[in-house]
Amino acid sequence: MRVHKGQLMTSEPTNQISRRKFVAAGGLTLAAACAAPRYLIAEDDALVQTAFKEAATAKVTVQRLRHNISVLLGAGGNIAVLTGPDGKLLVDAEIVTARANVAAALASISADPVKQLINTHWHFDHTGGNAWLHAAGAGILAHENTRKHLLKDTRVEGWSHTFPAAPAGAIPATVFAEEHTVHANGSTLAMKHYSPAHTDSDISVHFTEADVFHTGDTFWNRAYPFIDYSTGGSLDGAIRAAEANIAKVTDKMIVIPGHGAVSGKADLILFRDVLVEFRDKVGALKKQGRTLAEVVAAKPGARTDAEWGGSFISPSAFLALVYQGV
């Protein structure tokens, strides 16, 4: 991913993991994820295990935004950081094996201790650091469905992986159903639950005074998204969430996506348009009786595959998700 011209961002590059590293499954073994706690490793599947391995060494870049807000860009989900006398407040917690580099990045921002953590949803690349950040002093807040999924073994069929129940320290102690507000470091954070979209646990976080908006994984900037049908996600729900983001975001707002470069409204609109385009094209082909293999061979994403298919989700994997959802 890249920072696009005209954005209100620094010139710090984002750190991205190539699709080849995440989907080249050949030769990967459980030993590749040896740095991950046993409770996170249920099966020797490629994407999850490779994510653990790559996150252990991937660079975490600090990008300063507005006021006292920064973002950490690494192998997993983007982390927003609010600093000040109340201690650091984080939005999302990365993959657990990124701990050392995340801790170093946090220390480079300020000496403020970590006091609060908000999870935008339950996935391992956004909640992986929950346990160690809680041990460091953070109280954890999330949607009630994030807590529900972390409390028990949860299967994600799209990754062929069952995530074991998280330990007590990783479980959000405070949850909400639809909306919640937090005041910290002179900022107001307004949180809102999406209807089922990427999962059934997605929330947005709006730093209202700074006008910085964290979408979680309801927005992947110039990357094909994952839709977790196993835990309540849906293609139409992802499009509805994209529409809600467009309606919320102004031209001056800074947008932190779940994955990809920090951005703004134009890329939100592009993301929505790509989802709709895929839904319509794949839906039409499926209605004609085409098999998934035939849809993949038709290359309905030829316009965006080269750029958008270079992250977590390959073009064929995304087509399979869309095919399932139409």
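**View A. The whole fold, as a starting point.** Helices are DSSP runs of H or I with at least four residues, strands are runs of E with at least two, and both are numbered from the N terminus. Counted this way, the protein has eleven helices and 14 strands. Please keep in mind that this is a predicted model. Of the 326 residues in the protein, 56% are buried. Among contacts between residues at least 6 apart in sequence, 68% join residues at least 24 apart.

**View B. Helix α7 from end to end.** Here we zoom in on α7, which covers residues 235-248.

**View C. The buried residues of α7 and their neighbours.** Leu235, Gly237, Ala238, Ile239, Ala241, Ala242, Asn245 and Ile246 are the buried residues of α7. In an α-helix there are 3.6 residues a turn, so residues three or four places apart point the same way. Which elements do the buried residues of α7 pack against? Their partners are the strand β13 (212-220) and the helices α8 (265-287) and α11 (315-325).

**View D. The largest pocket, with α7 in its lining.** This pocket has a volume of about 300 Å³. Its lining is made of 18 residues, and Lys192, His193, Ser204, Phe213 and Lys248 lie nearest its centre. Helix α7 gives the most to the lining, with six residues. At least two residues each come from β10 (179-184), β11 (187-193), β12 (203-207) and α7. By type, the lining residues of the largest pocket divide into eight polar, six nonpolar and four charged.

**View E. The second largest cavity.** Rolling a probe the size of a water molecule over the atoms shows where empty space is left. In this structure there are four cavities of 30 Å³ or more, and the second largest cavity holds about 70 Å³ of space. Its lining consists of Leu47, His123, Phe124, Asp125, Trp159, His198, Asp217, Trp220, His259, Phe312 and Ile313. Both α4 (124-127) and β13 supply at least two residues each to this lining. How do the lining residues of the second largest cavity divide by type? Six are nonpolar, three are polar and two are charged.

Methods:
Residues are numbered from 1 along each chain as its sequence is written. This is a predicted model: local features need pLDDT of at least 70, side-chain atom pairs count only at pLDDT 80 or more; totals for chains, interfaces and linings use all residues. Side-chain values use heavy atoms; hydrogens and water are left out. The expected span of a helix is 1.5 Å times one less than its number of residues. Buried means under 20% relative accessible area, exposed over 50%, partly exposed in between (1.4 Å probe, protein chains only). Contact means heavy atoms within 4.5 Å. On a 1 Å grid over the protein atoms alone, a cavity is a set of points where a 1.4 Å probe fits but cannot get out, and a pocket is an open set with protein on both sides within 12 Å along at least five of seven lines; lining residues have an atom within 4 Å of a point. Grid points are joined across faces, edges and corners, and a volume is the space filled by probe spheres set on the points. Ala, Val, Leu, Ile, Met, Phe, Trp, Tyr, Cys and Pro count as nonpolar, Asp, Glu, Lys and Arg as charged, and the others, Gly among them, as polar.
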